[in-house]
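Reader: I am new to this structure and would like to understand the words used for it. Could you take me through them, one at a time?

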Amino acid sequence: MDVIHKIGRRKTAVARVYVASGTGAITINKKDITAYFPTATLQYKVKQPLVMTNNDSNFDITVNVLGGGITGQAEAVRLAISRAMCEVDAENRLTLKPEGLLTRDPRMVERKKFGQKKARKKFQFSKR
């Protein structure tokens, strides 16, 4: 099997994932997954598509991720891995799609408007 390359995005985070056959090692920005994502929740999010498709020890995954915060990066990696698992085997789509792992989350930060404190918050108005 040759290397599969997929891209995942979430908010402003972009993850490029390279999947090759191997033993299950996940490297993110040249660091181990436990060093890059220290919390168990983020590690679970990244490994979720692999565990659901029973491929957690079949592939070596190398990830380049940039932009955004740590949760957005973890979810971008999850989307990219999910897309790669669909390319490995089309049957995986049937398990990942109902869980929402193949859907790109479109929510972005709303821009700040002029004459306001933030995107929705207004300046306080006092009537003297």
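Author: Gladly. Among contacts in the chain between residues at least 6 apart in sequence, 66% join residues at least 24 apart. Contact here means heavy atoms within 4.5 Å.

Reader: What kind of model is this, and how are the residues numbered?

Author: This is a predicted model, in which local features need pLDDT of at least 70 and side-chain atom pairs count only at pLDDT 80 or more, while totals for chains, interfaces and linings use all residues. Residues are numbered from 1 along each chain as its sequence is written, and side-chain values use heavy atoms, with hydrogens and water left out.

Reader: How many helices and strands does the chain have?

Author: The chain has 4 helices and 5 strands. Helices (H or I, at least four residues) and strands (E, at least two) are DSSP runs, numbered from the N terminus. From that end on, the elements run β-β-β-β-α-α-β-α-α.

Reader: Why is the chain called more spread out than a compact globule?

Author: The globule rule is 2.2 Å times the number of residues to the power 0.38, and the radius of gyration is taken over C-alpha atoms. For 128 residues the rule gives 14 Å, and the chain's radius of gyration is 18 Å, well over that value, so the chain is more spread out than a compact globule. Along the principal axes, the C-alpha atoms fill a box of roughly 75 × 30 × 25 Å.

Reader: What is the order of the strands in the sheet?

Author: The 5 strands form an open sheet with the order 1-2-5-3-4 and mixed pairing. Strand 1 (4-10) and strand 4 (31-32) each have a single partner strand, so they stand at the edges, with one side of each left without a neighbour in the sheet.

Reader: How do you know that strand 1 and strand 2 pair?

Author: Two strands pair if DSSP finds at least two bridges between them. Strand 1 and strand 2 (residues 13-21) have 7 bridges, in the antiparallel sense, so by that definition they pair.

Reader: What lies in the loop between strand 1 and strand 2?

Author: K11 is in that loop. The two strands form a hairpin with 2 residues between them. Phi of K11 is near 55 degrees, a positive value in a residue other than glycine. Most residues other than glycine have a negative phi. K30, in the loop between strand 3 and strand 4, also has a positive phi, near 65 degrees.

Reader: Why is V63 called buried?

Author: V63 has a relative accessible area of 0%, so V63 is buried. This residue is found in strand 5. Not counting residues up to four places away in sequence, V63 touches A15, R16, V17, T27, I28, N29 and V77.

Reader: And what about S82, buried or exposed?

Author: S82 has 0% relative accessibility, so S82 counts as buried. The place of S82 is in helix 3. Leaving aside neighbours within four places in sequence, S82 is in contact with P49, L96, L101 and L102.

Reader: What makes a set of residues a nonpolar core?

Author: A nonpolar core is a set of buried Ala, Val, Leu, Ile, Met, Phe, Trp, Tyr and Cys residues joined through side-chain atoms within 4.5 Å. The largest one has 28 residues, of which V19, I28, F37, I61, V63 and I81 touch the most other members. Helix 3 gives the largest share of this core, 8 residues.

Notes:
Buried means under 20% relative accessible area, exposed over 50%, partly exposed in between (1.4 Å probe, protein chains only).
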